[in-house]
Amino acid sequence: MPRYQRTNTNQAASLTDANNAFVTMLDGETSAQAAARRTANPALPVLLDIPMPRWLLAFRQTYDLATRALIIEAAPAAGVDIRAKIRLVSNAALVMQSGGGQSLTAGTYYPPGPLANQNPFTREWGFLPTVTVGSGVPQQEVEVTFLNFTTGQEFWVRWTPQPLSRWVVAGPNAAIGSGSASGTAGVPVGPSWLNVRYTHSAYYVVQVASPGPVQMMIERTDGIAMTLNNENNPLLFSGVFYPAGQVQGQGAYTQDYQFRPIPVNVRVRLTFRNQSGQTYSLEHLATNTSTPTPLLVAGVGAGSGSGTGSGTGSGTGSGSASGTSSGSGSASGSGTGSGSGQLPLPAGGFVEGPTVASLLAYAPFAPGANQYQSWPTGNTEQYLSNGTIVAGFGRAVGASLKTLRKANGPNWVNTSFQDSSIFEGVLSPDTGRSGGFSIYGFPDGGPVNQQTGLSPNPYYENEQNSSMRSDDTGWNPVQGGSRGALDRSPILHYERRTVNGVEYIHTVTQPYQWAMSGILGKCKIHAWWWLEGPVLRYYTIFENFRDDVQMLFEGRDQEFIFCYTIGDLWRHLLYTGNAPLTDGNLQEITTVSPTEGGGQDNQTDTGEFFGTEHWIGSLNGAGNEGVFIVTPYSTGFRGKQFQGRWGNADTNASSYINANMTSVMGDLPYCYGFTGYVYVGNLNEFRAWRKATNINPLPFGWTFGPGKANNWYGTSCPAKFVDGKYTCTIGKIRNNGHPLESNIGFGRFWSPKGAWKASDYSTIYVRGKVTGLTNLCLFFRRPGDTASDIDLNQIPFTVVGDGVTRTYAITVSTNQRWQQTGVFVQICIGNPVPRVTRVGNETMQLDYVGPINPGN
């Protein structure tokens, strides 16, 4: 849950100062008027137009200094059941009562009373004095937290009550006024990459001037869905990003979007996303205007983070999934990203960089003093609890997830003591049964040859190879530790810290190789964990510093993230359809129950499925309760069942789910950051939460700057950096002992696993350098496609293999199989089928793949 910082009345404070001033507007004020009032009366703090969560439009205060009575009035979205609590930031005691005389306690949620004739402010709370001397709310910094009682999301703000009546504390003032953000005066200042104007007559037309391609999403702020079309009449939907069309003869405005029907005099939210995944949102009233009307002007030197709202200065994000973004110059976006106090990750929850330090900007905080010596020895845990759920991380299993439960419920993580050992003097659980991260690279080992006892291609190190153990998984560091030897992965750093009221656990683990004895992986797992209502959040950096010569630089399936749930949670569900977030029917991929007592390897596997809402659930058979993992960065998922459909956390029977992301990160020495969610509750609650939570999934479109792989990967061919640019040797000759014709022409260059509507795209642009090739194919994968299906989903295109950078436009909309596709989950570039002769050194070096023409 994000927190606002304390008020700073120093106008000269740096834009990057964490204590920078709020800009608070009175009822009906613009931010410019608020700034003028701030200058005239520097004793008053000035608050920025603050972006709010979608379920809370704004709130305001009335404060009487003489009586110390504080009235809070809120404007929740339609149908939202809301609660509020208050405390002093100093944690000093509060003695107060409601308007009805009920004694109130600091830090306790209370329902509101109704508020009439103040639309859209419809709810109020009175924190009033009692007969006790010194009761009521003093003029000291307070923290008020609002709770969406349906979804469990929280939003809270700190400020010092001002002796003013109905003073707007938070929320874009435009969200509650009747005016439009139009006209030349008072046009909001946005990020440096965005100018926006609009007209609204027969169509609602938005035009953008930006140095690079931009996508846009439109929504009504009241949450009502819209079904739309454009001038070419394809079906469009609100809440979905669409690429721009091209417009000529309009000066700098070269990109446009057309929608209809958009109701007149309805407030809409426009969200823009550039090639780097940065987003910026603004709200305005959709009034009729036949001439181009400015909505947003670009800020000079504006901050580059994701933004919501308007105004100048530097902002701190708000809402249940927001963060901080600031820059130098006159404008900065306020964050809407991946967690409390964090800079927002790019859409899709993924970021990469050459060092851990380069990714710490996206973490809740940089590591401080190591507190590992304070962690009690043995089979102990460090817990996070917020009264809704409890999460625990085990010392004996490399700080992986050992407890996950409702506050008053049983543990839903299986931590079986089968095959157990002594760790720090006590009996400790299996190193594999927990929740966390397991990474795979080449060589991939197994299966073990039953006649020779050897794997065809084991990983080797320090006079061992991975086939010497019964489970040869190749290069495979696991957060919990090794399998056969039960080596416990060392925790290099542990830290518990509270930042802006949010409690975090941060750990750094060096994992052991799973199929070897006493061999540490040349990598580290840096993890930050925190709670948001019924959700366990994480931001994880995987640091790879391999230096051996065995890597093939091809993609392998990763368990990133995985969770061994209890045997009772044997039902595996996900949504695989073509209309995500519309409450469509789910697909159950539950396996046949394995026979009890069949040995440690007795398991059934669902195989990989593509959950187009980016989640998979492990549920019980009675109450549809369980654990759900949500990964914006991948739609590939897998489930398993061990021993049987029975048992609690301590039994050998277990269920299992993971995000089956495929990546080259096990081979490519680099650093990778991911953020995601683990939800605890029942299915209906989860689906409501998922719809209400603004999770930015993986966008369609990738720019490959220096050192950017974008989680693309090669299969049957390597993909790695060449002179800093990501390059795939598509013509790689495999060496598996078969004749040459069976080993050449299989190379494919794959995108990450997402979920995109095929009808949104008519042309896909590929820009890069090709060597040694004259023809390639674009392949696409749909949920449920087999390898043979993907071979049929090929769209050929001609290339020039002279090593010169070019843009290739691939028309997909005329392909019959594309026309029959609802949602596709991957694309790849590779050799045609049937396969053609290759020499073995043919390459493609990417600059861009996506729906927007990057130019020649």
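Student: Is Cys523 buried or exposed?

Tutor: A residue is called buried when its relative accessible area is under 20%, exposed when the value is over 50%, and partly exposed in between, with a 1.4 Å probe and protein chains only. Cys523 has a relative accessible area of 0%, so Cys523 is buried. Please keep in mind that this is a predicted model, in which local features need pLDDT of at least 70 and side-chain atom pairs count only at pLDDT 80 or more, while totals for chains, interfaces and linings use all residues. Residues are numbered from 1 along each chain as its sequence is written, and side-chain values use heavy atoms, with hydrogens and water left out.

Student: How many disulfides does the structure hold?

Tutor: A disulfide is a covalent bond between the sulfur atoms of two cysteines, and here it is taken as a pair of cysteine sulfur atoms within 2.5 Å. The structure holds zero disulfides. Cys728, for instance, is in no disulfide, and its nearest cysteine sulfur, that of Cys717, lies 3.4 Å away. Cys728 also counts as buried, at 0% relative accessibility.

Student: What does the secondary structure of the chain come to?

Tutor: Helices (H or I, at least four residues) and strands (E, at least two) are DSSP runs, numbered from the N terminus. In this chain they come to four helices and 63 strands. Of the 856 residues in the chain, 60% are buried.

Student: In which order do β3, β8 and β9 form their open sheet?

Tutor: Two strands pair if DSSP finds at least two bridges between them. Here three strands form an open sheet in the order β3-β8-β9, with antiparallel pairing. The edge strands, each pairing on one side only, are β3 (82-88) and β9 (154-159). Strand β8 (residues 142-148) is joined to β9 by six bridges, and Leu147 stands opposite Glu154 in β9.

Student: Where is Glu424 found, and what is its phi?

Tutor: Glu424 sits in the loop between β30 (421-423) and β31 (426-428), and has a positive phi of about 50 degrees although it is not a glycine. With a relative accessible area of 37%, Glu424 is partly exposed. His614 also has a positive phi, near 70 degrees, in a residue other than glycine, but His614 is buried, with a relative accessible area of 4%.
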